[in-house]
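Thank you all for coming; I would like to walk slowly through one structure this morning.

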Amino acid sequence: MNKLLLIYLPYGAIDLMLGIAIISELVNKRYDLLWANLPVLIWGLVSLNKQVRKMYDDLVD
Amino acid sequence: MIWLIEISIILVTVILVVHARTAYNSSFVKVFWISGMMLGFLREVALGEMMKIYSYGDFHITLFGLPLIYLLFWTNIAYIGLVWSNNFLEREYLKAKPFGYHLPLIFMTGVLISFFFEALLSQYDLIRWHLDSSSRLWGNTPLLAPFAYGWTVVLFIKGLKILSREPQQNWQILVLKLSLAQSIVVLIMAGLLLLSNLAIILVFS
């Protein structure tokens with residue numbers, strides 16, 4: 001399996017749920033709940049960024 | 001939409017199992033998800049049926065009267081917490097020193113996942129909290145909810161680390177040990193939840 005895809009899988013799993021949550025909030029006009037998606041999205045991006053950087057550094061070395 | 005939420009949790013489980021098989025091995029998958037389902041079952045029986053902290057809405061897919069997604073969900077977020085913290089710290093928790101930053105990060109992952117998931121469930125009245133606490137995140141969701149997620153994943157992962165310390169263990173033995181330990185995990189978690197609720201009441205009263 002592609003290494004980048006493998007790294008992304010545990011983040012993609014949450015992105016899938018986040019996508020459903022955001023669509024649901026937009027459809028139901030619950031804009032007050034949209035903020036709840038942001039903290040986990042940011043933490044996921046920070047963690048994924050670190051892993052991708054590590055993979056890139058390993059490739060360069 | 002309720003169907004979509006339930007099917008997506010099953011899909012997320014498949015995605016994570018595929019990842020765990022490649023990143024670890026098939027024995028790890030069996031140990032993690034079988035004992036995790038035991039945790040999910042005992043947790044829901046203890047908090048939902050015995051302590052009556054919450055009740056469920058109109059879930060379509062159920063097993064022994066419990067929503068199937070709750071048997072899978074806790075294991076899924078425990079695995080996500082483990083992998084995300086491993087990637088951030090660039091160290092494998094199950095092989096790392098006993099004291100580190102993994103557990104706080106795993107706890108934080110559980111808490112952050114609770115925000116969006118509780119918000120999603122609350123729109124369809126899928127979970128009804130019955131806590132006498134005035135401190136709420138939104139609607140009927142109490143401030144205790146994120147702690148419930150955080151403690152569950154931390155205790156499960158800590159239990160896995162303690163019991164898998166012995167080298168060259170047969171995976172069947174480890175599944176049995178870890179599954180039996182889940183009743184203690186749920187008991188400790190219930191105690192921590194009561195303490196957390198007490199702290200919330202004291203801080204916000």
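Chain B has a radius of gyration of 17 Å, and this agrees with a compact globule, because a globule of 205 residues would have a value near 17 Å. Please bear in mind throughout that this is a predicted model. Taken along the principal axes, the C-alpha atoms of chain B fill a box of roughly 50 × 40 × 30 Å, and 41% of the 205 residues in this chain are buried. If we take the contacts in chain B between residues at least 6 apart in sequence, then 72% of them join residues at least 24 apart.

How many helices and strands does chain B have? There are six helices and six strands in chain B, and if you follow the chain from the N terminus, the elements come in the order α-α-β-β-β-α-α-β-β-β-α-α.

Now let us turn to the other chain. Chain A has two helices and zero strands, and its radius of gyration is 15 Å, well over the 10 Å that the globule rule gives for 61 residues, so chain A is more spread out than a compact globule. The box filled by the C-alpha atoms of chain A, again along the principal axes, is roughly 50 × 20 × 10 Å, and 26% of the 61 residues of chain A count as buried.

The next topic is how the two chains meet. On the one side there are 28 residues of chain A, and they are in contact with 26 residues of chain B. Both α1 (3–27) and α2 (38–60) of chain A supply at least two residues each to the side that touches chain B, and the largest share of that side, twelve residues, comes from α1(A). Sorted by class, the side of chain A that touches chain B has 17 nonpolar, seven polar and four charged residues.

Two helix pairs deserve a careful look here. Two packed helices are described by the angle between their axes and the distance between the axes. For α1(A) and helix α1 (residues 2–23) of chain B, the angle is about 175° and the axes are 9 Å apart, which means that α1(A) is roughly antiparallel to α1(B). Among the residues that meet in this pair are Leu6(A), Leu9(A), Ala13(A) and Leu16(A) from α1(A), and Leu4(B), Ile5(B), Leu11(B) and Val12(B) from α1(B). The residues of the contact between α1(A) and α1(B) divide into 14 nonpolar, four polar and no charged.

In the second pair, the axes of α2(A) and α4(B) come within 7 Å and cross at roughly 140°, which makes α2(A) oblique to α4(B). Here Pro39(A), Val40(A) and Trp43(A) in α2(A) meet Thr109(B), Leu112(B), Ile113(B), Phe115(B) and Phe116(B) in α4(B), and by class this contact has seven nonpolar, one polar and no charged residues.

Which residues touch the most other members of the largest nonpolar core? In this core of 68 residues, they are Phe116(B) and Phe156(B). The elements that give two or more residues to the core include α1 and α2 of chain A as well as α4 (102–123) of chain B, and α4(B) provides the largest share, 14 residues. Leaving out residues up to four places away in sequence, Phe116(B) touches Leu18(A), Ala21(A), Ala36(A), Asn37(A) and Val40(A).

Apart from its neighbours within four places in sequence, Asn86(B) is in contact with Arg91(B), Glu92(B) and Tyr93(B).

Finally, a word on the backbone. Most residues other than glycine have a negative phi. Lys29(A), however, has a positive phi of about 55° although it is not a glycine; Lys29(A) is found in the loop between α1 and α2 of chain A, and it counts as exposed because it has 7 C-beta neighbours inside 10 Å. Phe64(B) also has a positive phi, near 50°; Phe64(B) is found in the loop between β2 (62–63) and β3 (66–67) of chain B, and with 9 C-beta neighbours inside 10 Å, Phe64(B) counts as exposed.

Technical notes. Residues numbered from 1 in each chain as written. Chains lettered and ligands numbered in written order. Predicted model: local features only at pLDDT ≥ 70, side-chain atom pairs only at ≥ 80, totals over all residues. Contact = placed C-beta atoms within 7 Å. Helix = DSSP H or I, 4+ residues; strand = E, 2+ residues; numbered from the N terminus. Nonpolar A, V, L, I, M, F, W, Y, C, P; charged D, E, K, R; others polar. Axes fitted to C-alpha atoms, helices over the stretch in contact; angles between N-to-C directions. Parallel < 35°, antiparallel > 145°, perpendicular 65-115°, else oblique. Core = buried A, V, L, I, M, F, W, Y, C linked by C-beta atoms within 7 Å. Buried ≥ 20, exposed ≤ 12 C-beta atoms within 10 Å, placed from the backbone. Rg over C-alpha atoms; globule rule 2.2 N^0.38 Å.
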